Amino acid sequence: MAQLVRRYLDRILDEHRQVTDGALACYIPELARVDPHGFALSLSSADGFIYECGDAGVEFTIQSISKPFTYALALDQIGQNAVDAKIGVEPSGEAFNEISVDEATKKPKNPMINAGAIAAVSLIPASTPDERFAMIAEFYSACAGRRLELDRDVYSSEKATGSRNRAIAYMLQSFGVLDDDPDDVLDVYFRQCSFNVTSTDLARMAATLARGGVNPLTGRRVTNAAVVKRTLSVMVTCGMYDAAGDWVSAVGMPAKSGVGGGIVAVLPGQLGIGVYSPLLDAKGNSVRGVRLCRSLSEQLGLHFLTVARDSRATLRAVYEPRDGIRVYETHGDLLFSGAEQVARTVERERADFAAVILDVSRVDDIDDTARELLSGISAALRAEGRAGYLVDPAGIVIRNELEYETVRYATVDDAVAAAERDLRA
Ligand code: DON
C-alpha cells in the first residue's frame with residue numbers, strides 16, 4: 001500500500017517537473033553552481049514513515065530553513081520572554097535581507113528574516129562561537145535524526161560575500177540587540193545556513209515539529225510543545241516572507257523556504273514535508289517547491305484549517321472474529337494522513353491474516369484522496385492473492401460498487417460470512 005501513496009506523490013511531483021521558471025541564488029557565488037534541475041519531494045508520516053520522490057538523495061544547503069530551528073533552540077534555552085525582548089513576531093512585508101528594524105521597538109520584526117535570525121543566533125547561550133555552533137548543530141541533527149554536516153564551500157563563499165548581513169549585524173549591535181561581537185555572531189549564522197540537507201532530512205525535521213518536538217524516527221524529545229507551537233505560529237505568518245499571505249491561503253501549512261531551494265512544511269499532528277528545487281522566484285522562494293506544496297495541499301487536503309482528529313487515532317479497533325480473519329475498524333474524519341496510516345498498517349500486518357475486513361461504519365467524513373487509498377487496499381491485497389472486504393453500510397467509501405470493483409457489506413458478520421465462504425472455496 002505504501003506503493004499507492006508513493007505513486008500518488010510521484011504523480012503530483014511530475015505535474016510540475018517541466019516548470020523552468022526562476023533563477024539560482026547567485027548572490028552567494030557557490031549557490032550559482034548547483035544543478036538547476038534538481039527536484040525532490042519527501043513526506044514523513046506522524047510515526048516516521050518516509051515517502052521519497054525524485055532527487056530525494058540530493059544534498060543542498062539549508063539556508064533560511066535553519067532560522068525556525070535556531071529560533072526554537074533559543075526559545076528552548078532562554079525562554080519566550082527573553083527571546084521576545086530581542087526579536088518581534090510580526091511579518092515584515094519586506095525582503096528577507098532588508099537592513100531594518102522595527103521603527104518603534106528597534107528590534108528585528110521577526111526571526112525568519114535575516115535580521116531576526118542573526119539576533120536569534122546571538123541568543124543561544126554559550127561562552128564561545130564554536131560552543132554556540134555546536135549547540136545549533138546538535139539541535140538540527142536531533143531534529144533530522146542524523147548528524148548533519150557543513151558544506152564548507154558554501155560557508156566560505158557566503159562569508160566572503162556577506163556584506164549585507166555584516167551591515168545588518170552591526171546595525172543590530174548599534175541598537176543593543178546583539179551583545180556579542182557581530183562578526184562572531186555572523187560567522188555562526190553563516191555556518192548554520194550551510195548545513196547540507198536532503199528533502200528527507202527536511203521532512204524528518206518537519207515531522208519532529210509536527211509531533212510537538214519528538215523526532216518520530218528516533219523517539220527522542222528534542223524540545224517541548226510550547227516551543228514548537230510558538231515556532232510554528234511564526235512560520236505561518238513570516239516563513240514565506242512577503243509571499244506569506246498567498247501561502248497561508250493556498251497551502252495552509254507552517255513553512256520556511258531557503259535560497260538553497262528547499263522548503264519545509266508542517267501539518268501539526270499529522271506529517272512533515274520537505275521539497276527541493278533550486279530555481280527561485282523574486283522573493284527567494286523555490287518556484288517549483290511552492291507549486292508542489294500547493295498541489296499537495298489541494299489534492300491531499302493538507303490545509304491546516306481542514307481540521308481532523310490526530311491521524312494515529314484513525315484505527316478505533318483491530319480484532320479477529322475468526323482465526324485468520326482480521327477486522328480493522330476506523331472512525332472519525334478520514335483524510336489523507338489517516339487513510340495512509342490504515343493502508344500502511346494493513347500492509348505491514350498482512351502476513352498475519354488470510355482475509356482482512358475494513359469496517360468504515362463509524363467514519364463520519366472522508367475526502368477523495370482517503371477514499372482512493374482505502375479502495376486501493378482491497379485491490380492491492382487481491383493482487384497478492386489475499387482477500388479484502390469492506391463494511392460500508394452508508395456507502396461512504398464505495399459510492400458505486402462497479403466503479404471500485406469492490407463489494408460492500410452492511411455488517412461485519414456479513415463480511416465474515418463472505419470471507420469464510422471464500423476461504424473454504
Ligand atoms: O543570509 C542569507 O542571505 C542566506 N544565508 C539565507 C537567505 C535565505 O535563505 C532566504 N530565504 N529564502
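A residue counts as buried under 20% relative accessible area, as exposed over 50%, and as partly exposed in between. These classes are applied below to a predicted model. Asp180 is one example: its relative accessible area is 30%, so this residue is partly exposed.

The protein contains 16 helices and 13 strands. Its radius of gyration is 24 Å, close to the 22 Å given by the globule rule for 425 residues, so the protein is as compact as a globular protein of that length. Along the principal axes, the C-alpha atoms fill a box of roughly 80 × 45 × 35 Å. Of the 425 residues, 59% count as buried. Contacts were considered at a separation of 6 or more, and residues 24 or more positions apart account for 70% of them. The accessible surface comes to about 16300 Å². Carbon and sulfur atoms hold 48% of that surface.

Charged side chains were examined next. There are 45 positive and 59 negative side chains. The centres of the two sets lie 1 Å apart. Side chains of opposite charge can pair when their charged atoms come close. A search of the whole structure finds 28 salt bridges.

One of these salt bridges joins the side chains of Asp14 and Arg17, with an N to O distance of 3.0 Å. Asp14 is partly exposed, at 43% relative accessibility. Arg17 is also partly exposed, with a relative accessible area of 33%.

Another salt bridge pairs Lys86 with Asp179, at 3.5 Å from N to O. This pair links distant parts of the chain, 93 residues apart. Lys86 is in the loop between helix H3 (80-84) and helix H4 (114-123). Asp179 is in the loop between helix H7 (163-174) and helix H8 (182-193). Lys86 has a relative accessible area of 17%, which is under 20%, so this residue is buried. Asp179 is exposed, at 62% relative accessibility.

Asp180 takes part in a salt bridge with Arg132, and their closest N and O atoms are 2.8 Å apart. Arg132 lies in helix H5 (residues 129-144), while Asp180 is in the loop between H7 and H8, so the pair ties together parts that are 48 residues apart in sequence. Arg132 is buried, at 6% relative accessibility. Asp180, in contrast, is partly exposed. Salt bridges that share partners also form a network, which joins Asp130, Lys159, Asp187 and Arg191.

Backbone angles were considered as well. Most residues other than glycine have a negative phi. Gln63 has a positive phi, near 50°. This residue is placed in the loop between strand S3 (60-61) and helix H2 (66-78). Gln63 is buried, at 2% relative accessibility. Lys106 likewise has a positive phi, near 60°. Lys106 is found in the loop between H3 and H4. At 32% relative accessibility, Lys106 counts as partly exposed.

Ser249 and Glu320 are 71 residues apart along the chain. Their C-alpha atoms are separated by 45 Å.

Conventions: Residues numbered from 1 in each chain as written. Heavy atoms only, no water. Helix = DSSP H or I, 4+ residues; strand = E, 2+ residues; numbered from the N terminus. Rg over C-alpha atoms; globule rule 2.2 N^0.38 Å. Buried < 20%, exposed > 50% of the residue type's maximum accessible area, 1.4 Å probe, protein only. Contact = heavy atoms within 4.5 Å. Areas by Shrake-Rupley, 256 points an atom, 1.4 Å probe, with all protein chains shown as cover. Lys, Arg positive; Asp, Glu negative; His and termini not counted. Charge placed at Lys NZ, Arg CZ, Asp CG, Glu CD. Salt bridge = Lys/Arg side-chain N within 4 Å of Asp/Glu carboxyl O.
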